[in-house]
Amino acid sequence: MNDLRMNNLALKDLRILDLTQVAVGPYTTFLLGFMGAEVIKVESTSRMDISRGQARPTPQGYRVYPDNDPGERPWNRAGHHIHRNPNKLSLTLDLSTERGKELLKKLATLCDVLIENFRASVMDRLGLGYEVLSQINPQLIYLKISSQGATGPEKDYGSLGSTLEQTAGLASVTGYEDRKPLMTNETYPDPVGGIFNVGVLLGTLRRRHKTGQGAFIDFSQREMTASMLGQEFLDFSFNARVAEPMGNRHPIFEPQGVYPCQGDDMWVAISVRSEEEWVGLCDAIGMPQLARNPRFETALARRRNRDEVERFLTNWTREQDHYDVMHTLQKNGVPAGAVLKGGEIINDPHLEERGFWDEVHHPEAGFYKQVTTPWEFSKSGRIQTTPAPNLGEHNEYVLSDLLGMTSQELYELEEKGVIGTFPIGAE
Amino acid sequence: MTEQDGVLSDITVLDLSEGVSGPLCAKLLAGMGAEVIKVERPHVGDESRNAGPFPNDDPHPEASAAYLFLNMGKKGITLDIEADTGSSILRRLARDVDILIESHAPGVMESRALGYSDLEPNNPGLVYTSITPFGQTGPYRDYKGGDLIIQAVGALMHPIGLPNKEPIKVGGSAALHSVGMSAFSGTMMALYVRDVEGYGQHVDVSAMQTVTVTQIHASIHHQFGRIPTRRESTLVEAADGWVNPGLEIGVQEDTWKKVCDLIGLPELADDQAFNTREARRTNQQDLLAIIGNWVASQPKEQIYHTLQGLRTIAGYVATVKDLRNSEQLQYREFFKTIDHPVAGKAVYPGVPFSIDNNPMTQSRAPLLGEHNLEIYRDRLGYSGEELGRLRSTGIV
């Protein structure tokens, strides 16, 4: 990153009040943080973000900690928290107390955006919904991310990214060729929704820049996930066909799949989309004569003789490193990709050269490599990762520097349990 | 801009992209009110016109579901940008637009003098978004890849699937869609900067990088010593499909007892193998076997509503058909019936957000070259004669 871009942060004048938790909202706000926004993450000592895990985890309940060691303050070193909450400040505020609500409202007058992903009715029930906050700060942009949207009979249903895959249809097309649906185990709708929301929010912010208008954004994660099945919905509408899992296959491309490589649980993905790529593949595997064989000439012919094609391919991939297969095929013009593991992606030379990973020294979790942004801008820079904050680490900055409270007032708030740095249940 | 207008109703976009990701990005901009002019190759059009599926499985370039969905709300023109005349027309068009979206391999646009640095001098505010599998720089920049390949290299798919079987990708073209969404966000970021600071810029969207951002566990788990692996499915078979009971993370403490009563096994309420969230996670497969009997006798959507009523986070595996019948989605008017001169009436999924309760714009995809007259004659001022010449030489 050159210095010019470092000093040129897209969102440097924005302040975000971040009431999100778990994953979808935290993804949106860590990305906004990378682009220079000041993000104030609000939790409380009685209700931490569940990504921080339990205050005192039982061995059975262990989540992911560096070296599998929860340490003295597990809530500050849980892997999910560390990974999803960089570039933020941490404020604790018990929103079930009158004082907590009052301070949140004050803070909302100093912020450009509020983002939350509670069950749909929670903020209204706390008396902190858009109706209330927009009275106090008419320019506020309120981004409400919920699993089902802000309205409808299921609006207060609970969900995680993992359940949304099912209720939004994605699981119905994910799975092997035996057609049984599968979950991704990757809570896929969360990070994707996190990325998408950045765009929705910025569109609304540009309107505010021109007109001064605040806004209420109602974002449904279930609908976002369902919208990824556009052509499947149209196929149902046209042909009454209900889409099913088809493994790694493609309706047209042949061959397409993953093939075993040298090493433990190592694989390479290959996808042939045209006759030109088929010729390239035959050359690459040292069987140019296959390209002239009418039994394999077209995608349809190769599908009819799939077992044979798969055997040729597997025999060739099996003895090689998956990166080598990818490079050889790509140099022959064939789309191929090593099926990378977590330990490989953090050292991938391409992402390395693009400066994708940030090396982070987290004060409580130690050294690790952090995911950054899906895009690069020619003029706007991003910040180097600021480690995920400890619980309540920035109480003093927010309450004293921004809201002008005295240290005596802060002390009283702590005495009453409105703020704190130790979760309830940690003693 | 008034309150009723879309937030992008002052914005014009040139969409030169093909396939899924770029067109989806431009479609989202159209949904927010932008005028999007899709530029396609004469006669051939976007590759997604051949992708299908088609009504009655009868291939027709104007009736491909992939194209119809990904290009909603756009105007369509044809232009051969490989010809010098064509590329100079494009340079003219690019002077007066706010955003350009393209998905050519790195270097292709530059070779036609249509790169960001070629267009920027005549339009300093231009936001120029390039969407490629691997980005504009780095050792893999010239590599190719679609949905499967980017799920592989982005470390998304290795932990997906069953033990002792190969990794499986997220279905449909989920990753390509996520890249379109990420391109949309990157484009909006640059547009916001342009409005505030006055300058445009080049946005480099890498599919691999986007997918790597969406792998939520693999990289961090690996680094903290807990390697994610493919594991047994947690879906349970109901009378008419599959459900996920959702009895672990995010469930309230008193929910388990209610579930035990519901399934007629009240004695399990105090069983230490299942009476905490953590225990249920540890003994997940045993738990699923126990509730499997009850689940097998009920319809999946009913199980979903019943278990959600007890404050679980249950889900049911909804198919596209189930979703069309979902009361929640019907209440929100998520699906829209839209007519098309060739494909006819069809039901399209909508846009997943609203701003100030105003839903986004929804209209059909353009026919190939449908807006040639409007753009070339009315906007650029070509005479009928000039346009005829461009047609006969295959430029338009």
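This is a predicted model: local features need pLDDT of at least 70, side-chain atom pairs count only at pLDDT 80 or more; totals for chains, interfaces and linings use all residues.
**Stop 1: the domains of chain A**

Start by colouring chain A by domain. Domain 1 covers 3–227 + 355–415, and domain 2 covers 256–341.

**Stop 2**

Next, select helix H8 of chain A, residues 189–211, together with helix H7 of chain B, residues 174–197. How do these two helices pack? Their axes are 8 Å apart and meet at an angle of about 25 degrees. Because angles under 35 degrees count as roughly parallel, H8(A) is roughly parallel to H7(B). The crossing of H8(A) past H7(B) is left-handed.

Now show side chains at the contact. On H8(A), the residues involved include A:Val192, A:Ile195, A:Phe196, A:Leu202 and A:Arg206. On H7(B), look for B:Met181, B:Phe184, B:Met188, B:Leu191 and B:Tyr192, among others.

**Stop 3**

Most residues other than glycine have a negative phi. With that in mind, here are two residues to look at.

Stay by H8(A) and select A:Thr187, in the loop that runs between helix H7 (161–167) and helix H8 (189–211) of chain A. A:Thr187 is not a glycine, yet its phi is positive, at about 40 degrees.

Then move to chain B and pick B:Glu333, in the loop between helix H15 (327–331) and strand S10 (335–338). This non-glycine residue also has a positive phi, of about 50 degrees.

Which of the two is buried, and which is exposed? A:Thr187 has 22 other C-beta atoms within 10 Å, so A:Thr187 is buried. B:Glu333 has 10 C-beta neighbours inside 10 Å and therefore counts as exposed.

**Stop 4**

Most peptide bonds are trans.

In chain A, zoom in on the bond from A:Glu254 to A:Pro255, which is cis with omega near -5 degrees. A:Pro255 sits in the loop between helix H10 (230–239) and strand S7 (256–260) of chain A.

In chain B, go to the bond from B:Gly52 to B:Pro53, also cis, with omega near -10 degrees. You will find B:Pro53 in the loop that links strand S2 (35–40) and helix H2 (65–70) of chain B.

Methods
Residues are numbered from 1 along each chain as its sequence is written. Chains are lettered from A and ligands numbered from 1 in the order in which they are written. Helices (H or I, at least four residues) and strands (E, at least two) are DSSP runs, numbered from the N terminus. A residue is buried if 20 or more other C-beta atoms lie within 10 Å of its own, exposed if 12 or fewer, and partly exposed in between; C-beta atoms are placed from the backbone. Axes are lines fitted to C-alpha atoms, for helices over the stretch in contact, and angles run from 0 to 180 degrees between N-to-C directions. Angles under 35 degrees count as roughly parallel, over 145 as roughly antiparallel, 65 to 115 as roughly perpendicular and the rest as oblique. A crossing is left-handed if the near helix is turned anticlockwise from the far one by less than a right angle, and right-handed if clockwise. Two residues are in contact if their C-beta atoms, placed from the backbone, lie within 7 Å. Domain bounds come from an automatic or database domain assignment.
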